[in-house]
Amino acid sequence: MLTKLLLIEDQASLRENIAEILTLNGYQVVTAEDGRQGISQAVLDPPDLIICDVMMPKLDGYQVLEIVRSTPALVRTPFIFLTAKTDRTDLRHGMDSGADDYLTKPVASRDLIMAIESRLRHKQQWMTVEKLPILYRTNIRGYNDKGSMTLLTEDCLYFFTQKRRYYVLHPLGTFQLSGTIEDLATQLDPVQFFRVNRKEIIHRNTIQRYTYWQEGKYCLFLLIGERTSEVILPRARYRLFLDWLQSSSKKQ
């Protein structure tokens, strides 16, 4: 089976040229003309590696990367930025955002292929180590003024960040956690939990309704215990949210 690459690039001529180069080098290439289309294709049919432009309409490359790194099925997918932005600050921002490599245009065919092969080798190495079935966390350690307690994750209702600290709302109270939202996003059962934005993860049983809010954002209304709460869902995650609701319902 050929290695599948997803190429997200809004310039048609460049997209076709790169796709042809990759195809001639033995890869199966799927293309997308903007970030939103790229995310939809990645979620429906996860690729082995993603190559993505930075400056694009609808969703830019950084937004695409944020969604990829917060989606359990894609979180380990190698991600290479391909961009005309050559400033060192831009490169640092791309790498700090979680990209695996950052190539500037115009890129030599040899350099692109070498970068892809390097990232795929790294992926194969950790896949070899992680042969065991995925086991999502069944419990988590929480702390409050009464001490520490082991909580069942299936009972946790809402994970959030506040002043650079991480908390969970649970029927027994609010507990501080030692892990991060990024860690939890990969460790929690994706059937039950959804990362709404950078700072919040919700349990599907807390969702009461959702509605359009403003500036392309959506508001989710949650029932946590006897308290109603509201969280903001960015437009970039709205389609993923709807897909998650539908797929989660089928698996219940």
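Which residue in E14 stands opposite isoleucine 207? Leucine 222 does. This is a predicted model: local features need pLDDT of at least 70, side-chain atom pairs count only at pLDDT 80 or more, and totals for chains, interfaces and linings use all residues. Residues are numbered from 1 along each chain as its sequence is written, and side-chain values use heavy atoms, leaving out hydrogens and water.

**Overall**

- The protein has seven helices and 15 strands. Both are DSSP runs, numbered from the N terminus: helices are H or I with at least four residues, strands are E with at least two.
- Of its 252 residues, 43% count as buried. Buried means under 20% relative accessible area, exposed over 50%, and partly exposed in between, with a 1.4 Å probe and protein chains only.
- The accessible surface comes to about 14300 Å². Carbon and sulfur atoms hold 49% of that surface. Areas come from the Shrake-Rupley method with a 1.4 Å probe; for residues, only the protein chains shown count as cover.
- Take the contacts (heavy atoms within 4.5 Å) between residues at least 6 apart in sequence: 52% join residues at least 24 apart.

**The E13-E14-E15 sheet**

- Three strands form an open sheet in the order E13-E14-E15, with antiparallel pairing. Two strands pair if DSSP finds at least two bridges between them.
- Strand E13 (207-212) and strand E15 (227-233) are the edges, and each pairs on one side only.
- From one strand to the next, the twist averages 20°. Axes are lines fitted to C-alpha atoms, for helices over the stretch in contact, and angles run from 0 to 180 degrees between N-to-C directions.
- Five bridges link E13 to strand E14 (residues 218-224) in the antiparallel sense.

- Strand E1 (residues 4-8) is mostly covered, with five of its five residues buried.
- Lys4, Leu6 and Ile8 point one way from E1; Leu5 and Leu7 point the other way.
- E1 runs parallel to strand E2 (residues 28-32), and five bridges join them.
- Leucine 5 stands opposite valine 29 in E2.

**Helix H1**

- Helix H1 (residues 12-24) has 13 residues and reaches 18 Å from its first C-alpha to its last. That is close to the expected 18 Å, where the expected span is 1.5 Å times one less than the number of residues.
- Arg15, Ile18, Ala19 and Leu22 are buried in H1. They lie on the same side of H1 because they cover an arc of only 105° around the axis. The arc is that of the directions from the helix axis to the C-beta atoms.
- Ser13, Glu16 and Leu24 are exposed on the other side of H1.
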